[in-house]
Amino acid sequence: METKDYLRILREEIHSTVIATVDGEGHPVTRAIDIMLTDENSLYFITAKGKAFYAQLMENPYVAISGMCGGEGTMNKKAISVRGKAVNIGSGKLKEVFEQNPYMAEIYPQEESRIALEVFQVAEGTGEFFDLSVKPIFRDTFVLGVSAEGEAGQMGKNGEKTRRNASGQQGGYFITDRCRGCRICCSKCPQKCIDMSAKPFVIQQEHCLHCGNCMEVCPFGAVERR
Ligand code: SF4
Ligand code: SF4
């Protein structure tokens with residue numbers, strides 16, 4: 001799936017998320033915020049100028065957003081997390097926010113009561129999708145806006161899909177050429193997601209839990225966290 005597909009899930013299926021900022025003393029603060037709009041590469045939420053949340057965003061625009069959807073119980077859940085920079089675009093798109101989210105008119109019924117509302121756009125950042133409802137688990141990463149390389153996903157050597165954040169860094173565990181094929185890591189992998197068909201073995205990134213067991217037990221130091 002592409003960034004726009006994950007953003008659509010975030011708005012249409014999850015909608016109410018938890019957004020974290022930092023306060024003036026550098027401490028984390030969270031609150032529930034709805035994702036009002038999304039497009040190909042960004043998401044939008046709103047807040048009122050009088051709120052502490054607004055002041056925190058204007059002081060430090062970096063946010064972390066998480067939400068879950070799916071059936072009952074942890075093993076039926078899908079989760080999406082996004083980290084990025086929230087830019088104040090004023091009242092731009094406010095009309096669209098109310099058109100696409102009619103319940104907002106119950107909270108702010110009159111046009112005049114909406115003067116404090118401003119829209120924030122997260123158009124630069126990274127996201128992660130995590131699906132516990134399938135076996136093995138499935139995970140993927142995506143980029144909001146344009147990454148350092150100009151695209152969201154890159155194919156690394158051995159054919160594995162690598163993960164890159166907005167700084168171009170990869171995330172996850174990778175087996176290097178030091179692998180001798182002893183299979184010790186495979187016996188400790190909870191998702192059995194290490195491909196043993198050729199040396200060096202390859203971690204199937206889309207199924208990896210990031211538990212770190214493989215790196216912990218490898219006697220040859222062949223597993224790296226990047
Ligand atoms: S434990 Fe290390 S050397 Fe052995 S198969 Fe796994 S990665 Fe390769
Ligand atoms: S980090 Fe955990 S889940 Fe991922 S390959 Fe290593 S042992 Fe398996």
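Q: How many helices and strands does the chain come to?
A: It has 6 helices and 14 strands, taken as DSSP runs numbered from the N terminus (helices H or I, at least four residues; strands E, at least two). This is a predicted model, where local features need pLDDT of at least 70, side-chain atom pairs count only at pLDDT 80 or more, and totals for chains, interfaces and linings use all residues. Residues are numbered from 1 along each chain as its sequence is written, with chains lettered from A and ligands numbered from 1 in the order written.

Q: OK, and what does strand S1 pair with?
A: S1 (residues 16-22) runs antiparallel to S2 (residues 28-34) over 7 bridges, and antiparallel to S5 (residues 62-70) over 3 bridges. Pairing takes at least two DSSP bridges between the strands. Thr17 has Ile33 of S2 as its bridge partner, while Ile19 has Ile65 of S5.

Q: What's in the turn between S1 and S2?
A: They form a hairpin with 5 residues between them, and Gly26 in the turn has a positive phi of about 80 degrees.

Q: Switching to ligands: which residues come nearest ligand 1?
A: Cys179, Cys182, Cys185, Cys218 and Ala222, out of 13 around it; near means a C-beta atom, placed from the backbone, within 6 Å.

Q: And which are closest to ligand 2?
A: Cys189, Cys208, Cys211, Asn213 and Cys214, from 15 surrounding residues.

Conventions: A residue is buried if 20 or more other C-beta atoms lie within 10 Å of its own, exposed if 12 or fewer, and partly exposed in between; C-beta atoms are placed from the backbone.
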